Structure formats: structure tokens, C-alpha cells
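Okay, thanks for having me, everyone. Let me put the structure up on the screen, and then I'll walk you through a few spots in it.

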Amino acid sequence: MAVRKLTVAGAAVMLAACSSPGGSTPVGSATASGPTPVPAQPVATTAAPARPATFEEWVADFRVEALAAGISAATFDAAFAGLTPNPQVIENDNFQPEFSRPVWEYLDNAISDARVSGGQQRLQQHASLLSSVERQYGVEPRIIVAIWGLESGYGGNVGSFDVIRSLATLAYQGRRSQAFREFLLQALQILDRGDISRSRMVGSWAGAMGQTQFMPGSYLNYAVDFDNDGRRDLWDSLADVFGSTGNYLANADWRPGETWGTEVVLPAGFDYRNTGLEVRRSTAQWDAAGVRSASGGPLPPTGGQASVIIPAGHRGPAFLVYDNFRSILRYNNATSYALAVSLLSDRFAGGGRLVAAWPRDQQQLSRQDRIDLQTLLTARGYDTQGIDGIIGPNSRQAVRAFQEEIGAPPDGYPTMELLNQLRRL
Ligand SMILES: [Ca+2]
């Protein structure tokens, strides 16, 4: 199957692409006229300066690799005929929002009344197809429809970017060129198999495809031909769309007959160091620790493990999430996304309204605030493992350690209040 190693020339191209300043320069301005020093960047290396390849040179090099990986020349040449990089794709790739969206705003939008009623209607409309998918893969219709609704508005918006053009652009000059080179090979394999025509292969700017937005690797590995017409078509066959989503989740260790989890109430004095997906316990252990279902009644059963998450810190709602929640995270690795799928699927069935309120008055940290937070925590001896303005697990751990120092609930959730306390020290 796919050859994973890069050619030497490919590695040189990647170096050039990584060193290029942001990719805002029109690609056509990169000329092939002799070695040009890599634009001024304080890179401590004695290696010979890489000459930025033109797109045409890059395609010629990539063609060798693709054909060696088994892509037919006819597929490759048809896919790349007249192709140019898409500057919009690079712009999207480099976009860094000043504020990250609070989880409640994301959920308000994701679980709108229109999306709830639209999903309920489609659950009825496609009931028999969804049941056969459930029989085959063990995934409930409402989960599949929730994913479908979030990924493409029930097929209404599959994206209009030419996938090959997007992937080629990102492989040529994106920040993660190596990964996109691989995605591009996979997309070409999909064309080669005849699953979809070149012109119909449209998607998101980053190459997610079809009504459930599969990246090319997921498509290759998990898309199924559920309507048995010989092609796996995630654009125009709902059977293939639903079947592929069920197959994906089944392969992500979905536990048939179990829920994703539930909103919970944490007891007074709960130890917030036990929150987060890393802490896994049985529901019996959580029950013994005083964790209760927010709607009353016993915690829903699971044969697996459960974790407590508090997406907006200790002032917001708490959730006990099960292995099926982790399966949804393997579809799209963002807690807010997995929560949206989970709660939307509950809303289809008449539940899913939260008991606790989100802390909507909480001021959001700007990018500069997040950088200040990391700088101050690191200076105080709580290493955030880098200062990049992105609050990841290391930053949360540092926040938690500082919260313990000052006697605040150690929920690892950075707030403006916490930042101001740090600033005053
Ligand atoms: Ca099919």
C-alpha cells in the first residue's frame, strides 16, 4: 500500500516550506532561478540554504512518490491538471483567533433548536436505514444523526473546497506539510479506487470530505459501501454516510447499548484533582465518592470506565463521561465537539437540557492573557512546557499546581481572576 518514506528531495522541499514566512507571499513569486537563501529567520543550522521549489517542481517530485506508492499515472495527472495552490487555504491554516470561543457559545450554536428539530425529522425519515446500520455496527441512530448534523448540517454543507487542491497546497507549503503529503496520497488512492469522481471530491479547506467530513485516512480505512453499489460515496449516498460513521465508531471501541455519560452533581468538598479524562474509575467508585446524576436517579450503567470533566471549570456543569464519549473524541478530538454530539443526541430523545448553568459572566482570556499566564506560571516554578498561548494539558497542570498553592479549587481552569492574582504576586 502507501509508501510512507519521504524522498530526499521531498525532505528538502518540506524544509523550505516550513521556513517560508507564513505563506502569504503569492506562490508564483517563488522562482526557479538558482539557489535563494531561506528568508531571514534565526535558524541555527549550518545546512546549505534550501531553495524554495516552485509548485510545479514540487508536483513533479510528488508525482514520483505517488506513482511509487501505486497511484496510477492517469489518476495523478487528471487530479493535478491545471492545479495551482489555493492561497485561501494557507490563510485559514495560519488564522489564530484572538479569543477562543467559550464552550457554552459553541454548544448554543451546535445544539440550536433548528438542529434539534431537523435531526428529529431525519431520524423518522431514515428510520429503517439507520436501524440496519445499528444492527450492523451497534451504534444508535441518534448518535449517527447528531454527528451528521454537526459535521455538515445533515448534508447541507459538505464544503466547497477542491480537496486535492487544498491538500496539495498544505502539503506544499502548510505548517504540517508532512501530514498533508500523506493525506494527499490517501485522497489520490480514493480517486484511484473509483469511490468518487475528481470533480465531486469537494470538502472543507483542510480536506475533510463528505457529509460526515472524513479525512482521507479515515475514508480509506473506515468508509463502507453500505448500499452495495461498488463505491464508497460519502457525498451522495446516505447509506454509505451512515454506514461509514457506524463503522468508524465501531472501530473506535463503541460499546453498543451504552450511553456516552451524563451530567452530574459533584459533592461538597469534591477533590478537583480527580477531574479530567486521565482519571478513570468505575461508576461504582464515582458513586462511592458522592458523584450523583444531575437529573436524579442512579448513574447510567457502563461496563467500562468513567471520568469527570468540567469543561468550564468548577463553576460550570460537570459531566461523567464513559468510553463511548472517548469513541466520539476519536472522531474529532475536542471535548466541546464530543459534548455537542452527546447532548444533541440526547435532545433528539427529549433530554439533554443541562441542570447546571454555564458561567457565562466569566471573562475570556485573550491570546496575550494566555501568554502572560504561561509566562508568570513558568517564572513561579510551574512549568507550562512552552509559552505559546495555547492552554493544553501542561498548562492546565501548572494552573492546578498554582491553585493548590493559593488554596483555590484545583480545577486546572484558567480564569481572569487567577491571572490577576498571578500578576499581583
Ligand atoms: Ca455505495
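Before I point at anything, a word on the labels: the helices here are DSSP runs of at least four residues, numbered from the N terminus. With that in hand, Leu-422 is in helix 18, which covers residues 416-424. I'll come back to that one in a moment.

First, keep in mind that this is a predicted model. The protein chain has an average pLDDT of 89, and 88% of the residues score at least 70. The stretch I'd set aside is residues 1-46, where pLDDT stays under 50. The model does have 55 contacts beyond four places in sequence for that stretch, but where pLDDT is low, the predicted coordinates should not be read in detail.

So, on to the helices. Take helix 2, residues 55-68, and helix 3, residues 73-80: their axes come within 10 Å and cross at roughly 150°. Anything over 145 counts as roughly antiparallel, so that's what we call helix 2 relative to helix 3. The crossing of the two is right-handed. Who's touching whom? Helix 2 brings Val-59, Arg-63, Ala-66 and Leu-67, and helix 3 brings Ala-73, Phe-76 and Phe-80. Sort the residues of that contact by type and you get 6 nonpolar, no polar and 1 charged.

Now helix 9, residues 163-173. How many of its residues are buried? It's 11 of the 11, so helix 9 is largely enclosed by the rest of the structure. Among those buried residues are Arg-165, Ser-166, Thr-169 and Gln-173, along with Val-163, Ile-164 and Leu-167.

Back to Leu-422, as promised. Is Leu-422 buried or exposed? The cut-off for buried is 20 or more neighbours, and Leu-422 has 20 C-beta neighbours inside 10 Å, so Leu-422 counts as buried. Leaving aside neighbours within four places in sequence, Leu-422 is in contact with Leu-373, Leu-376, Leu-377 and Phe-402. There's also Arg-380, which is 42 residues away from Leu-422 in sequence but 9.0 Å away in space, C-alpha to C-alpha.

Last stop is Pro-414, which sits in the loop between helix 17 and helix 18. Beyond four places in sequence, Pro-414 is in contact with Leu-365, Leu-373, Ile-391, Val-399 and Leu-419. And Ala-312, 102 residues from Pro-414 in sequence, is 9.3 Å from it, again C-alpha to C-alpha.

That's my tour, so over to you for questions.

Methods:
Residues are numbered from 1 along each chain as its sequence is written. This is a predicted model: local features need pLDDT of at least 70, side-chain atom pairs count only at pLDDT 80 or more; totals for chains, interfaces and linings use all residues. pLDDT is the predictor's confidence in each residue, from 0 to 100. Two residues are in contact if their C-beta atoms, placed from the backbone, lie within 7 Å. Axes are lines fitted to C-alpha atoms, for helices over the stretch in contact, and angles run from 0 to 180 degrees between N-to-C directions. Angles under 35 degrees count as roughly parallel, over 145 as roughly antiparallel, 65 to 115 as roughly perpendicular and the rest as oblique. A crossing is left-handed if the near helix is turned anticlockwise from the far one by less than a right angle, and right-handed if clockwise. Ala, Val, Leu, Ile, Met, Phe, Trp, Tyr, Cys and Pro count as nonpolar, Asp, Glu, Lys and Arg as charged, and the others, Gly among them, as polar. A residue is buried if 20 or more other C-beta atoms lie within 10 Å of its own, exposed if 12 or fewer, and partly exposed in between; C-beta atoms are placed from the backbone.
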